[in-house]
Amino acid sequence: MISSFDEIPTLHKKVFCTLYKEYLKQNNHLYIDNSDEIVENFFPEISSDKMSAICWNLKDKELLICYPGDDLATEISLTDDAIAFMEHRFKNNIKNIINFITSLS
C-alpha cells in the first residue's frame, strides 16, 4: 500500500520516482510498453528480470498498474492513488523529485 512507501527498498523507490518524474515531464501522462523499456531508457545497469520484479513489487504496493506478458511487466502506468500521493509529497515539483532521487543514491 502507498502508506508503506517508506518501507519499500531504495532501488524500488528510485524506479518509482523516476517514473513519476517522467509522468510530470510528459504533461501528466505516462504509459510504458514494458519493463525492458524502463531498463533501456532509465536503468541500463538493472537486468530485465530484476526490473520486472521491481514493477511487480510496485504493483503489489498499489503504485503501478502493469500486466504480465512475455516474462515482462507490460502496459505500465501509475495508479491514481500513487499520483495523488506524489502530488501531496512533492507538490508536482520536478526539482523536488530529482533531489529525492539523488538522495537515494
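## Serine 77

Is serine 77 buried or exposed? In this predicted model, serine 77 is buried, because its relative accessible area is 17% and the cut-off for buried is under 20%. You will find serine 77 in strand E3, which covers residues 72–78.

Leaving aside residues up to four places away in sequence, serine 77 touches Leu30, Leu63, Leu64 and Ile65.

## Where H1 meets H3

Now for a pair of helices. Helix H1 (residues 10–25) packs against helix H3 (residues 48–60) at an angle of about 80°, and their axes are 10 Å apart. H1 is therefore roughly perpendicular to H3, since angles of 65 to 115 degrees count that way.

From H1, the residues in this contact are Leu11, His12, Val15 and Phe16, and they meet Lys50, Met51, Ile54, Asn57 and Leu58 of H3. Sorted by class, the contact has six nonpolar residues, two polar and one charged.

## The largest nonpolar core

The largest nonpolar core holds 34 residues, and the members touching the most others are Phe16, Ile38, Met51 and Leu78. Elements giving two or more residues to this core are H1, H3, E3, helix H2 (35–41), strand E2 (64–69), helix H4 (80–90) and helix H5 (94–104). H1 gives the most, with seven residues. In soluble globular proteins, nonpolar side chains tend to be buried together.

Phenylalanine 16 deserves a look of its own. Not counting residues up to four places away in sequence, phenylalanine 16 touches Phe5, Leu58, Leu63, Leu64, Leu78, Ala82 and Met86. Among these, Leu63 and Leu64 are also touched by serine 77.

Key:
Residues numbered from 1 in each chain as written. Predicted model: local features only at pLDDT ≥ 70, side-chain atom pairs only at ≥ 80, totals over all residues. Heavy atoms only, no water. Helix = DSSP H or I, 4+ residues; strand = E, 2+ residues; numbered from the N terminus. Buried < 20%, exposed > 50% of the residue type's maximum accessible area, 1.4 Å probe, protein only. Contact = heavy atoms within 4.5 Å. Axes fitted to C-alpha atoms, helices over the stretch in contact; angles between N-to-C directions. Parallel < 35°, antiparallel > 145°, perpendicular 65-115°, else oblique. Nonpolar A, V, L, I, M, F, W, Y, C, P; charged D, E, K, R; others polar. Core = buried A, V, L, I, M, F, W, Y, C linked by side-chain atoms within 4.5 Å.
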